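Try each task before you read its solution.

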Amino acid sequence: GIDFTTTSQWNARFEYRKSRQLSLSLLDYQLSEVNSTEYIFGTSYRKRGMKLPFRLPKFLNKEGGKELENDITFRFDFSIRDDATSNSRLDQNSSFSTAGQKVIKINPSIDYIMSNRVNIRLFFDQMRSIPYISTSAPTTNTRAGVQVRISLAQ
């Protein structure tokens with residue numbers, strides 16, 4: 001993979017993953033092969049000094065209700081994975097596909113550090129699975145939300 005960050009706090013990354021797994025069954029003389037290829041593209045941008053449109057209460061920051069200037073990070077990740085499974089009968093010299101799917105993931109998020117105690121994250125995650133064989137149905141899983149982290153430690 002490649003990962004780099006510029007002086008203006010822009011980050012980009014690219015990853016390529018490839019795997020192969022073989023399983024031999026001596027009971028029915030079958031060889032199962034799983035091939036997987038994945039491409040991951042990601043980018044993020046960090047902006048320093050983002051002012052809040054409101055003031056925090058005194059118990060959440062040391063400055064006691066002052067306007068804060070903090071960091072915000074915009075992130076976007078996209079990946080495509082291709083899985084294929086095939087079985088080979090060793091005594092018949094034949095091979096056939098048994099499973100396989102294409103998985104597409106999209107993950108944008110926004111992280112805002114309000115103070116040294118409060119962190120807010122807005123996120124959206126979607127994973128779409130498109131099967132290669134007709135016995136499986138395509139599925140889409142989507143998650144979205146707001147995550148607030150409050151540290152109670154001094």
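**Exercise 1: The whole chain**

The protein chain has 154 residues, and 26% of them count as buried (buried means under 20% relative accessible area, exposed over 50%, partly exposed in between, with a 1.4 Å probe and protein chains only). The model is predicted: local features need pLDDT of at least 70, side-chain atom pairs count only at pLDDT 80 or more, and totals for chains, interfaces and linings use all residues. Residues are numbered from 1 along each chain as its sequence is written, and side-chain values use heavy atoms, with hydrogens and water left out.

Task: How many helices and strands are in the protein chain?

Solution. 
- Step 1. Count the elements: zero helices and seven strands. Helices (H or I, at least four residues) and strands (E, at least two) are DSSP runs, numbered from the N terminus.
- Step 2. Write the order along the sequence: β-β-β-β-β-β-β.
- Step 3. Look at the contacts (heavy atoms within 4.5 Å). Of those between residues at least 6 apart in sequence, 55% join residues at least 24 apart.

**Exercise 2: A surface patch**

Task: Which residues form the nonpolar patch on the surface?

Solution. 
- Step 1. Know the rule. Patch residues have over 30% relative accessible area and no salt bridge; like charges are joined within 9 Å, nonpolar side chains (Val, Leu, Ile, Met, Phe, Trp, Tyr) within 5 Å. A salt bridge is a side-chain nitrogen of Lys or Arg within 4 Å of a carboxyl oxygen of Asp or Glu.
- Step 2. List the members: Ile2, Phe4, Trp10, Phe14, Tyr16, Tyr39, Phe41, Tyr45 and Phe74. Together they have about 850 Å² of accessible area (Shrake-Rupley method, 1.4 Å probe; for residues, only the protein chains shown count as cover).
- Step 3. Find the strands. β1 (2–5), β2 (10–25) and β3 (30–51) each supply at least two patch residues.
- Step 4. Check one member. Phe14 sits in β2. Phe14 counts as partly exposed because its relative accessibility is 31%.

**Exercise 3: Asp83**

Task: Is Asp83 buried or exposed, and what does its side chain join?

Solution. 
- Step 1. Classify Asp83. Its relative accessibility is 15%, so Asp83 counts as buried.
- Step 2. Find the partner. A polar contact of 3.0 Å joins the side chains of Asp83 and Arg81. Such a contact is a pair of N or O atoms within 3.5 Å; within protein, one must be able to donate a hydrogen and the other to accept it, and residues adjacent in sequence count only if both atoms are side-chain atoms.
- Step 3. Leave aside neighbours within four places in sequence. Asp83 then contacts Asn35, Ser36, Gly100, Gln101 and Tyr132.
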